[in-house]
Amino acid sequence: MLKTLRADFSIIFDRDPAARNWLEVLFCYPGLQALVLHRLAHWLYVLGLPFIPRLISHIARFLTGIEIHPGATIGKSVFIDHGMGVVIGETAIIGDFALIYQGVTLGGTGKQSGKRHPTVGENVVVGAGAKVLGNLQIGNNVRIGAGSVVLRDVPSDCTVVGIPGRIVYRSGVRVNPLEHGSLPDSEAVVIRSLLDRIESLEQQVKSLLPQASVSLTSVPNSPSAFPSLNQTSNVAVAEKTELAVAATCQLKDKAIQEFFDGSGI
């Protein structure tokens, strides 16, 4: 246990640039304090001692704002950054070198018995406010974006974003676990692609309109007392259609442009 606690202590200096000295880390980092108390509570829980492990967990929650059930299994070198509002369920398993931010929930989805909480692999980063619910398997080197809600298994070497969480493969790309700004926005990419496709199709329609206008005006009219009037009407309809399509090709609406700018599309 002492070796594990030493690893929990030293990883903070690697993951947190604000960590300046050992005294500050020891007394002012609730994530480390919660882990120390949890490892004691978990040891007693494994021995089958009643009540005391839950009491230690409750005291840790009161002191740090981090609630970890004594039955949860947590690997070495795990860093809970800030930590306020973190909840880790009874059957949750967290691998080595995981990084967990404030507001994270590793919880269940009902009153099932047995394994009902997530299993998180090694080198996993769980962003602030993310929720991982149910008996899920989260692979190694996974990054879960802030505010995401994960409801299905995630293979290794992936990034998960959104509600519900969508898997974005990042194979072969090495990403610093602290670079949260590099998370992809899959919704923005899809919307941008769809609008590009719409613009392309509208331009094709616009290019075909002159030919359609010529064909329309060259079609013989049915017998009428006013043939020139019918021909003029056909030309007017063609011109109006061309103007309408040309107007729709201009995707310069203020709301759309603001969305593009804000989403980085």
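User: Which residues form the nonpolar patch on the surface, and what is their accessible area together?
Analyst: Patches take residues with over 30% relative accessible area and no salt bridge, and nonpolar side chains (Val, Leu, Ile, Met, Phe, Trp, Tyr) are joined within 5 Å. A salt bridge is a side-chain nitrogen of Lys or Arg within 4 Å of a carboxyl oxygen of Asp or Glu, and areas come from the Shrake-Rupley method with a 1.4 Å probe. This is a predicted model, in which local features need pLDDT of at least 70, side-chain atom pairs count only at pLDDT 80 or more, and totals for chains, interfaces and linings use all residues. Leu-49, Phe-51, Ile-52, Leu-55, Ile-59, Phe-62 and Leu-63 form the patch, with about 720 Å² together.

User: Is Phe-51 buried or exposed?
Analyst: Phe-51 sits in the loop between helix H3 (30-46) and helix H4 (52-64), helices being DSSP runs (H or I) of at least four residues. Buried means under 20% relative accessible area, exposed over 50%, and partly exposed in between. At 60% relative accessibility, Phe-51 is exposed.

User: What is the geometry of the Phe-9 and Phe-13 pair?
Analyst: Rings pair if their centres lie within 6.5 Å; planes under 30 degrees apart count as stacked, over 60 as edge-to-face and the rest as tilted. The two residues are 4 apart in helix H1 (residues 2-15), so about one helical turn separates Phe-9 from Phe-13. The count is 1 aromatic pair. Its ring centres are 5.6 Å apart and the planes at 70°, so Phe-9 and Phe-13 are edge-to-face.

User: Which residue in E14 is the bridge partner of Arg-143?
Analyst: Strand E12 (residues 143-144) runs parallel to E14, joined by 2 bridges. The bridge partner of Arg-143 is Thr-159.

Terms used: Residues numbered from 1 in each chain as written. Heavy atoms only, no water. Pairing = 2+ DSSP bridges. Phe/Tyr/Trp six-rings, centres within 6.5 Å; stacked < 30°, edge-to-face > 60°. Patch = residues over 30% accessible without salt bridge, like charges linked within 9 Å, V, L, I, M, F, W, Y side chains within 5 Å. Buried < 20%, exposed > 50% of the residue type's maximum accessible area, 1.4 Å probe, protein only.
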